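Let's take a walk through a protein fold together. Have a look at the sequence and the 3D view, and then we'll go through them step by step.

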Amino acid sequence: MAPRWQVGVSARAGLRAGCQRAETMAMPHHRIVILTGAGVSAESGVPTFRGPDGLWEGHRVEDVATPEAFARNPRLVQGFYDQRRAALGRVAPNAAHRALARLDAQWPGELLLVTQNVDDLHERAGSTRLIHMHGQLKSAWCTACDTRHRWEVALLDWPPCPACGTAGRMRPDIVWFGEMPHEMARIERAVMACDLFLSIGTSGNVYPAAGFVDLAARAGARTVELNLDLSMASQRFGESRLGPAGELVPAFVEDILSLC
Ligand code: BJW
């Protein structure tokens, strides 16, 4: 399907003015918040959650990605996350991750990339202004002493916590259903203050992330969705553009940076 992207005259003028102000006054006037979901990593070979080849292999993610499922069958859940952590070594950032890293490096105003993804492809592409709101595969959380540790290896054999030494209490540092996503106060402040809210590759099924577009729109931001298909949230965006992130995101970033 052809892209449906249009930049309105006033939006263009606003962005250009923002870039100029950011340069001449050395202070950022244009604030961008980007939300990414599984679709941004799909072209790297990381499965999405709710597609036909859904990540949890026949299980609804809502049924298995819960603290209750972990309590019922910890070996199954630890093993599943161990496999996905190991699989990160076999995937690489794609053109969409690289374009967002370029935007991060070259955008003179404020920018925050909020990812729902637990892979590390944004940081490997070079993004630095980044929050992993649903946790990270390469982090483990000790529920005995409430510390988090960078983690590259398996958790299935219940290693002791590097901080408190307790064995059997390290779990994947992943936000499951019913748990509070990370850094919500900081994210909501940024969303409510942004001029441009951009959502990439997310189905809009999971809250609070799916509600950010409403917060941004209420605050007067321009809201843009880049997604393969129409999502649950499409109607709430000012603009949608349909296609693969690996094509749409570099074109979008080029457009934004060309206004500076
Ligand atoms: C492409 C593409 C390509 C494909 N290019 N695009 C009733 C109403 C409202 C809310 C609730 C409710 N009952 C319960 C809740 C809350 C609950 C919730 O939202 N439930 C829903 C099921 C209704 N949420 C929570 O519990 C959250 N916590 C919470 O709410 O705390 C309380 C709170 C209150 C107030 C403020 C703040 C907090 C926690 C949610 C945790 C989600 N965790 C997971 C982790 C799974 C573990 C794992 O990794 O294994 O996060 S679930 C899973 O879904 C994962 C993802 O980050 C998340 C979102 O999925 P995403 O990224 O959108 O992926 P898909 O697969 O759904 O979509 C991919 C999209 O890409 C598709 O649209 C494709 O078309 C597209 N695409 N290829 C571009 N090449």
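Before we start, here's how an axis works: it is a line fitted to C-alpha atoms, for helices over the stretch in contact, and the angle between two axes runs from 0 to 180 degrees between N-to-C directions. Keep in mind, too, that what you see is a predicted model.

First, the overall picture. The protein chain has 10 helices and 9 strands. Of its 260 residues, 50% are buried. If you take contacts between residues at least 6 apart in sequence, 66% of them join residues at least 24 apart.

Now zoom in on two helices. Two packed helices are described by the angle between their axes and the distance between the axes. Find helix α6 (residues 95–106) and helix α10 (residues 245–258): their axes come within 7 Å and cross at roughly 20°. Angles under 35 degrees count as roughly parallel, and α6 and α10 are therefore roughly parallel to each other. Their crossing is left-handed.

Which residues in α6 and α10 meet? On the α6 side you'll find Ala95, Ala96, Ala99, Leu100, Arg102, Leu103 and Gln106. On the α10 side, look for Ala245, Gly246, Val249, Pro250, Val253, Glu254, Ile256 and Leu257. Sort the residues of this contact by type and you get 11 nonpolar, 2 polar and 2 charged.

Next stop, the core. The largest nonpolar core has 23 residues, and the ones with the most contacts inside it are Ile34, Leu103, Ile200, Leu226 and Val249. The elements giving two or more residues to this core are β1 (32–36), α6, β2 (111–115), β7 (196–200), β8 (222–227) and α10. The largest share, 7 residues, comes from α10. There's also a second, separate core of 19 residues, which includes Val33, Cys194, Ala209 and Ala221.

Let's pick out Ile200. Setting aside neighbours within four places in sequence, Ile200 is in contact with Ile34, Leu35, Thr36, Gly37, Val40, Leu100, Leu226, Ala245 and Val249.

Is Phe212 buried or exposed? Buried means under 20% relative accessible area, so Phe212, at 2% relative accessibility, counts as buried. Not counting residues up to four places away in sequence, Phe212 touches Leu35, Val114, Met133, Met184, Ile187, Val191 and Phe197. Take Phe197 from that list: Phe212 and Phe197 are 15 residues apart in sequence and 8.5 Å apart in space, C-alpha to C-alpha.

Notes: Residues numbered from 1 in each chain as written. Predicted model: local features only at pLDDT ≥ 70, side-chain atom pairs only at ≥ 80, totals over all residues. Heavy atoms only, no water. Helix = DSSP H or I, 4+ residues; strand = E, 2+ residues; numbered from the N terminus. Parallel < 35°, antiparallel > 145°, perpendicular 65-115°, else oblique. Left-handed = near helix turned anticlockwise from the far one by under 90°. Contact = heavy atoms within 4.5 Å. Nonpolar A, V, L, I, M, F, W, Y, C, P; charged D, E, K, R; others polar. Buried < 20%, exposed > 50% of the residue type's maximum accessible area, 1.4 Å probe, protein only. Core = buried A, V, L, I, M, F, W, Y, C linked by side-chain atoms within 4.5 Å.
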